[in-house]
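Work through the exercises below with the model open. Each task is followed by its solution.

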Amino acid sequence: MAVKAIPHAKIKKPRTMWGDVVLRFSQNLPAMMGLIVVIGLYAVALLAPILVTTNYTAIDLDNVRSAPSLVHYLGTDELGRDVYSRVVWAARSAAFVSIFVPALSLSLGLFFGIIAGYVGGWVDTIVMRLGDILFAFPGLLFVFFIAATIKPAILLWVKGIGLTEFAKQGFVDYIVVFTALSLVGWPGLARLVRGQFLTLRNREFVLAAEAIGVSQWRIALKHILPNAMTPVIVVVSGGIGGTIAAETSLSFLGIGLQPPNPSWGQMISDYYIYWRNTELWPLLFIPSIILVVIILAFTFVGDGLHEALNPYLD
Amino acid sequence: MARLLEVNNLRTQFFTQDGVVNAVNGISYTLDEGETLGIVGESGCGKSVGVMSLIKLIPTPPGKIVEGSVIFNGENLIDMSDGEIRSVRGNKIGMIFQDPMTSLNPVLTIGRQIQEALELHMGMDKAQSKARAIELLELVGIPSAADRINDYPHQFSGGMRQRVMIAIGLSCNPQLLIADEPTTALDVTIQAQIVDLVKKLRDDLGMAIIWITHDLGVVAGLADRMLVMYAGMIVEEAPVKELYANPSHPYTVGLLGSLPRLDQVSGEKLDSIEGLPPDLIDLPKGCPFHARCKYRIEKCFTENPPLKTIGVGHKAACWIDVTKDPITTERPYQEV
């Protein structure tokens with residue numbers, strides 16, 4: 001009789017750090033609800049051309065300032081534009097802001113933070129003082145200032161390289177808003193990254209990496225950066241809600257996204273005169289409520305990530 | 001055997017706010033291929049800085065190698081550019097650090113950290129370096145290496161992490177392995193395992209080893225030759241048996257005297273070397289050890305003895321002969 005092979009003890013598959021993070025995140029109810037809303041936002045933004053009932057710029061002169069109906073689900077504004085279609089289309093603006101502004105601030109913050117923290121010396125001094133100068137201005141005021149001053153320059157540049165069509169379609173507004181918000185957003189991240197690098201670069205594993213001949217930049221990017229990312233992810237994800245709120249404020253004040261590009265901030269600004277109108281109140285309240293829900297959702301996701309990445313917080 | 005390493009008058013200083021720290025003060029020694037050299041001395045006597053200087057791993061600033069040469073395979077490592085020395089580190093000269101708990105990067109897998117050097121120096125691609133990393137893990141005695149290669153350092157015990165460090169140190173078949181107190185952070189049974197492992201690997205692979213320790217017991221069975229360092233200087237150099245049998249510097253005598261022995265009479269007190277090593281910023285005139293020396297004579301206060309040959313391969317830096325000259329003072333050390 002052949003001897004049966006003894007089955008090996010089952011080796012537990014090692015759990016990775018990110019596996020644990022996903023597990024802890026999925027057990028966090030508010031974070032999961034937030035995540036669903038956020039995914040919903042991106043789905044609506046992506047499917048906007050299918051979801052709209054009419055072009056968001058189309059004008060229906062027979063129905064100006066009309067209440068919600070079967071033709072215009074949320075009514076029309078004073079120009080006869082379909083508010084439902086504008087609300088849906090504005091999800092694209094919010095989605096763009098929620099992706100590009102954090103990405104741009106993160107790139108700037110990582111770049112300057114790594115340089116300051118790893119190179120040190122006078123480079124560190126210059127970068128950090130530059131950040132301090134930006135910090136010294138009240139945040140939103142500085143964004144207004146930048147948005148108001150760089151727009152003509154960007155417009156000129158876009159036309160200069162022959163993108164006149166883009167300039168007409170409000171592409172410039174996006175660049176202005178993204179640039180202004182990112183310029184104000186990076187110094188905080190740079191400080192954080194710099195602090196991480198200052199502590200991590202003296203750790204023994206950095207010396208060990210040097211001892212096997214790894215180059216300085218490789219050590220900074222492949223050995224130190226992965227150790228520095230956890231708090232950075234938390235700060236970036238936690239800031240997205242605020243970024244959307246900032247874009248809304250800009251648009252509310254008329255220096256953000258310009259018509260015909262729809263933005264919830266702009267709609268709130270345009271429609272707040274109807275706030276006690278018994279028929280037209282949805283024009284104001286629907287974009288406002290959507291905005292609140294989206295901002296809360298991003299905040300919950302950010303908090304969820306924070307807790308998932310720092311399991312020992314109580 | 002061919003000469004592998006020749007260190008000449010190496011001098012490393014740290015320029016700090018409090019003054020110039022004379023960490024290594026003109027040490028010279030040689031190492032042949034396949035030879036094992038033990039370096040002993042108490043904490044802060046320049047052992048680590050001495051070997052880190054060999055591959056220019058000194059943080060600059062504040063550290064600086066101010067004098068001397070390190071001839072390795074006929075080339076002076078001290079004159080090499082950053083790029084050139086990086087191609088030696090981890091390739092021809094491997095290094096193991098003291099604390100395996102902090103020397104591995106916590107967010108990279110074990111495999112990634114072993115593969116790093118292989119891809120850097122041997123020009124291997126990912127698949128080749130992974131195969132070699134598994135081989136290396138098996139070589140240093142990690143069971144089911146192929147599975148464990150994707151683990152993170154926190155999933156390994158201290159002894160296993162030190163085995164991984166050894167695997168990294170040996171990954172590119174170095175001619176010289178520098179081990180900077182590799183057993184200090186481990187408990188006694190693991191210490192013995194690690195020493196046995198290194199001994200076996202040395203016999204199989206034939207690399208030379210520089211083994212730093214402050215534990216005379218650990219190196220006794222491993223080293224061919226010993227250096228005793230004090231205040232950044234070499235005070236005695238001898239073949240390992242000769243050093244334990246005939247210590248010829250009062251410091252070495254003191255170090256050996258402070259070891260507990262199996263044949264010791266119960267209740268007998270261990271000898272200790274009273275006092276502390278001198279301040280490296282403000283080195284005393286004369287012999288650096290004179291303040292703590294039981295054998296000291298007038299001359300020790302004014303002149304530092306050179307390292308002179310006193311037997312076959314045996315050198316010591318002392319004015320007196322500890323085997324013949326009497327103890328001059330029973331409690332030499334005075335608090336300043």
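**Exercise 1: a helix pair**

Helix 2 of chain A and helix 3 of chain A pack at an angle of about 140°, with their axes 8 Å apart. This is a predicted model, where local features need pLDDT of at least 70, side-chain atom pairs count only at pLDDT 80 or more, and totals for chains, interfaces and linings use all residues. Residues are numbered from 1 along each chain as its sequence is written, and chains are lettered from A and ligands numbered from 1 in the order in which they are written.

Task: classify the pair of helix 2 of chain A and helix 3 of chain A, and list the contact residues.

Solution. 
1. L41(A), Y42(A), V44(A), A45(A), A48(A) and L51(A) of helix 2 of chain A make the contact with V88(A), W89(A), A91(A), R92(A), A94(A) and A95(A) of helix 3 of chain A (C-beta atoms, placed from the backbone, within 7 Å).

**Exercise 2: the shape of helix 2**

Task: where does the kink in helix 2 of chain A lie?

Solution. 
1. Helix 2 of chain A (residues 29-51) has 23 residues.
2. Its end C-alpha atoms are only 29 Å apart, short of the 33 Å a straight helix would reach at 1.5 Å a residue (1.5 Å times one less than the number of residues).
3. A kink of about 45° lies at A45(A), shortly before the proline P49(A) (the angle between axes fitted to the seven residues ending there and the seven starting there).

**Exercise 3: a second pair**

Task: which residues of helix 5 of chain A meet helix 9 of chain A?

Solution. 
1. Helix 5 (residues 139-160) and helix 9 (residues 216-252) of chain A pack at about 55°, with their axes 11 Å apart.
2. That makes helix 5 of chain A oblique to helix 9 of chain A.
3. L140(A), V143(A) and A147(A) of helix 5 of chain A meet A246(A), S249(A) and L250(A) of helix 9 of chain A.

Notes
Helix = DSSP H or I, 4+ residues; strand = E, 2+ residues; numbered from the N terminus. Axes fitted to C-alpha atoms, helices over the stretch in contact; angles between N-to-C directions. Parallel < 35°, antiparallel > 145°, perpendicular 65-115°, else oblique. Contact = placed C-beta atoms within 7 Å.
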